[in-house]
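Have a look at the sequence and the model, then read on point by point.

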Amino acid sequence: MPESSTVHVDVVIIGGGIQGLFLLNSVLGIDPTQGRKFSAVLLNRGPLAGEQTAHSHAYIHYGHMFRDPERIALARRGAQKWEEWFDDNSDTGSRVTSYFGFEDKQTARKVSQGWGDRPDWVTRGSDPVLSRLDGKWQCLAKVSSFCLHAPQVAARLLTGLEEFTSSVEAATVLGYDSQGVRVAAEHSDGERLTLHASALVLCAGRGNEQLIDSIGGWAGTEICQSPPAYMLLVSGEDDILPVLNGYFYPAAFVVTRSVEGKNRWLLSDRLRPSQKPFGGGYVDPGLSGWARQAVAHVFEILPELSSRPDRVEWCVYRADKAEGWHEAGRLPDRLSVEKHPTANIWAAFPNLFTLAPETTAEILKQITFPGTAWPGSCPGGWLRFLRPLAVSPEASETANLLTWQGFCSEHPVVRERFPSAGQQRA
Ligand SMILES: Cc1cc2nc3c(=O)[nH]c(=O)nc-3n(C[C@H](O)[C@H](O)[C@H](O)COP(=O)(O)OP(=O)(O)OC[C@H]3O[C@@H](n4cnc5c(N)ncnc54)[C@H](O)[C@@H]3O)c2cc1C
């Protein structure tokens, strides 16, 4: 018979991606009123920070990717908060020079007018990396941005807080009453702990939908998952694949990381901006169209690569996305915190890594901390139910990683089109 015990906690967080970790860190950091700290427990299944967060470029910009003034302002606020955090944790990422390339002056003017700061226009010849780019980008703007490394950020946020986390097979919401919310933490060995929480925050990414459904859904809230995102990773030596970050309209969004002495370009499915954000034709059900485009875009940016495709390795991530999307009535990239109409339950859909601090601030503004005893009673002691979580960069970085070979066998049309690009990643 599985064991079951109940304890009382102020805040239970389900989900250990960037949002859950940022929130845990903030809740436990709140200045104690009434002489005590708030109690919080984070429950996560699978590798910590292993889902969307692991696949994120974690590219933090100041609204340059958006056109809508509201979204630009939101991204700027998010970026400024990360900047403050980054000042104290500068080993978790780097400030990068980032370029926005435009084929003509008219597009350049149109896109850049909402940026707020006057862009710094540069010429290809002025920079050894830029001079290697295909000549089609007539206008190049240099903007400030930074790239975080998601597993390192997750590990930093968790440092010293491991004892407030638990690795679970699954967390389920059992129900709520005027006293709070009951959450079951089911462990792989069959032990089961019931947590009685004053407040529950769902940060389960793609898992949010199921958790919300399990308590009967929320009136007026339409939760929707956007289609999976695919990310192409191209890895090579510095001389063939330079450090390059930015958006080369309308071809590709590139972020570079250095991994094991090689540069790794990350290109996501934001390859063909269309009228409909995230709903463009590039997320096609058969994927082959997207992959074909992605490979073609790499060659387009760096034409010299097409004569030496054997000098790079290719692989692909598949990431299930949890953002609400426009067809469900909710725009991506908006701050998204949903509160249950009557219970002390919140759901966070940060939509962007950039927005995790903003979303956290919003939840903390709304949440009520009625205060419970910590730790609650549990015959035999309840700490044994906690199985501290750890970030494994390796596990999270390789989650849903397909080698080029595996990818091509699923989508043979890609190999047919680019036979020489199929190098298997070591
Ligand atoms: C390809 C790609 C590139 C991106 N690039 C950028 C970028 O450059 N800049 C940017 O700002 N944003 C970017 N994003 C968006 C950003 O990564 C996400 O918005 C963010 O990581 C979402 O974090 P999260 O914590 O909400 O979700 P997740 O990271 O998905 O975390 C949810 C966690 O909940 C756990 N969970 C689920 N169900 C349960 C359950 N029942 N019980 C216990 N645990 C559960 C999961 O195991 C997981 O660990 C990108 C996203 C993708 C996919």
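1. How many helices and strands does the protein have? This is a predicted model, and it shows 11 helices and 18 strands. Of its 426 residues, 43% count as buried. Take the contacts between residues at least 6 apart in sequence: 73% of these join residues at least 24 apart.

2. Next, the ligand. There are 40 residues around it, and Gly15, Gly17, Ser56, Gly205 and Gly207 come nearest. Two or more residues of this shell come from each of helix H1 (18–29), strand E2 (40–44), helix H2 (52–55), strand E8 (170–177) and strand E11 (229–236). Sorted by class, the shell holds 18 nonpolar, 18 polar and 4 charged residues.

3. Buried in H3 are Arg71, Leu74, Ala75, Gly78, Ala79 and Trp82. These cover an arc of only 130 degrees around the axis, so they sit on the same side of H3. As background, an α-helix has 3.6 residues a turn, so residues three or four places apart point the same way. The cover over the buried residues of H3 includes strand E3 (59–60) and helix H8 (356–366). On the other side of H3, Pro69, Glu84, Asp87 and Asp88 are exposed.

4. Now compare helix H5 (residues 150–158), where Ala150, Pro151, Val153, Ala154, Leu157 and Leu158 are buried. Their arc around the axis is only 160 degrees, which puts them on the same side of H5. The partners they pack against are H1, H2, strand E6 (139–148) and helix H9 (393–398). Just after H5 comes Gly160, with a positive phi of about 80 degrees.

5. Finally, is Glu237 buried or exposed? Glu237 is found in the loop between E11 and strand E12 (246–248). It has 12 other C-beta atoms within 10 Å, and therefore counts as exposed. Gly261 is 24 residues away from Glu237 along the chain, and their C-alpha atoms are separated by 7.6 Å.

Notes:
Residues are numbered from 1 along each chain as its sequence is written. This is a predicted model: local features need pLDDT of at least 70, side-chain atom pairs count only at pLDDT 80 or more; totals for chains, interfaces and linings use all residues. A residue is near a molecule or strand if its C-beta atom, placed from the backbone, lies within 6 Å of it. Helices (H or I, at least four residues) and strands (E, at least two) are DSSP runs, numbered from the N terminus. Ala, Val, Leu, Ile, Met, Phe, Trp, Tyr, Cys and Pro count as nonpolar, Asp, Glu, Lys and Arg as charged, and the others, Gly among them, as polar. A residue is buried if 20 or more other C-beta atoms lie within 10 Å of its own, exposed if 12 or fewer, and partly exposed in between; C-beta atoms are placed from the backbone. The arc is that of the directions from the helix axis to the C-beta atoms. Two residues are in contact if their C-beta atoms, placed from the backbone, lie within 7 Å.
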